[in-house]
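Dear colleague,

Please find below the structure that I am handing over to you. My notes on what was found in it follow directly after.

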Amino acid sequence: MLLRPMLEANSVPDTVAFYVDVLGFTCNASIDDDNGNLAWANVGKDGVALMFTGRHTHDDPEDDHDHPAEPVITGSLYFSVDDVDALAAELEGKVVLEFGPTTMAHGMREIGFADPNGYFLVFGMPTG
């Protein structure tokens with residue numbers, strides 16, 4: 001079984017560029033809308049898969065449910081990595097770290113930052 005979250009993006013092209021160019025993911029599949037604009041994409045790296053789709057708005061004709069006004073997730077996306085300090089060095093100048101690298105009380109060394117949509121990403125490794 002593979003968990004592959006489907007997350008809304010303010011801009012699918014900008015989001016894919018961030019995950020591919022900054023974080024080293026690969027875009028494995030994508031779909032354009034009727035105007036030839038990137039509307040959906042699947043990115044993956046090291047067994048992690050994420051899907052991004054264009055933002056739904058309250059103006060979209062879907063009577064069965066409402067959509068939030070902005071992309072939102074009530075938590076963070078946590079990625080386990082082998083060397084968080086090396087990753088932090090690799091990302092220097094590419095992202096603004098909200099914290100880290102720091103060793104947390106729960107025994108993980110972590111960094112955290114937001115992606116272009118405001119989704120909070122945490123990368124961590126065990127300290128022991």
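**The nonpolar core**

In this predicted model, the largest nonpolar core contains 26 residues. Tyr19, Leu23, Phe113, Leu121 and Phe123 are the residues with the most contacts inside this core. Two or more core residues come from each of the following elements: β1 (6-9), α1 (12-22), β3, β4 (48-54), β5 (76-80), α2 (84-91), β7 (108-114) and β8 (120-126). Helix α1 provides the largest share, namely five residues. As general background, nonpolar side chains in soluble globular proteins tend to be buried together.

Leaving aside residues up to four places away in sequence, Leu23 touches Phe18, Lys45, Leu91, Phe113, Leu121 and Phe123. The second residue, Ile111, is found in strand β7. Is Ile111 buried or exposed? Its relative accessibility is 0%, and Ile111 therefore counts as buried, a term that applies under 20%. Ile111 and Glu98 are 13 residues apart in sequence, and their C-alpha atoms are 7.5 Å apart in space.

**Aromatic pairs**

Seven aromatic pairs were found in a search of the whole structure. Such a pair of rings is described by the distance of the centres and the angle of the planes.

Tyr19 and Phe52 form a tilted pair, with 5.0 Å from centre to centre and 40° between the planes. This pair links distant parts of the chain, since Tyr19 lies in helix α1 and Phe52 in strand β4, 33 residues apart. Both Tyr19 and Phe52 are buried.

Phe113 and Phe123 form a stacked pair, with 5.5 Å from centre to centre and 10° between the planes. Phe113 belongs to strand β7 and Phe123 to strand β8, ten residues apart, and this pair also links distant parts of the chain. Why do we call Phe113 buried? Its relative accessible area is 0%, and Phe113 is therefore below the cut-off of 20%. Phe123 is likewise buried, because its relative accessible area is 5%.

One aromatic cluster is formed by Phe18, Tyr19, Phe25, Phe52, Phe79, Phe113 and Phe123.

**The largest pocket**

The largest pocket holds about 440 Å³ of space. Which of its 20 lining residues are the closest to its centre? They are Phe25, Lys45, Val48, Phe79 and Ser80. Strands β4 and β5 and helix α2 each supply at least two residues of the lining. Strand β5 gives the most, with four residues. Phe25 and Phe79 are also members of the aromatic cluster described above.

**The hairpin**

Finally, I would draw your attention to two strands. Strand β2 (residues 26-32) and strand β3 (residues 38-45) run antiparallel and are joined by six bridges. The bridge partner of Thr26 in β3 is Gly44. Together, β2 and β3 form a hairpin with five residues between them. Within the turn, Gly36 has a positive phi of about 85°.

Yours sincerely

Methods. Residues numbered from 1 in each chain as written. Predicted model: local features only at pLDDT ≥ 70, side-chain atom pairs only at ≥ 80, totals over all residues. Heavy atoms only, no water. Pairing = 2+ DSSP bridges. Core = buried A, V, L, I, M, F, W, Y, C linked by side-chain atoms within 4.5 Å. Buried < 20%, exposed > 50% of the residue type's maximum accessible area, 1.4 Å probe, protein only. Contact = heavy atoms within 4.5 Å. Phe/Tyr/Trp six-rings, centres within 6.5 Å; stacked < 30°, edge-to-face > 60°. 1 Å grid on protein atoms, 1.4 Å probe; cavity = no way out; pocket = protein on both sides within 12 Å on 5 of 7 lines; lining within 4 Å. Points joined across faces, edges and corners; volume = space filled by probe spheres on them.
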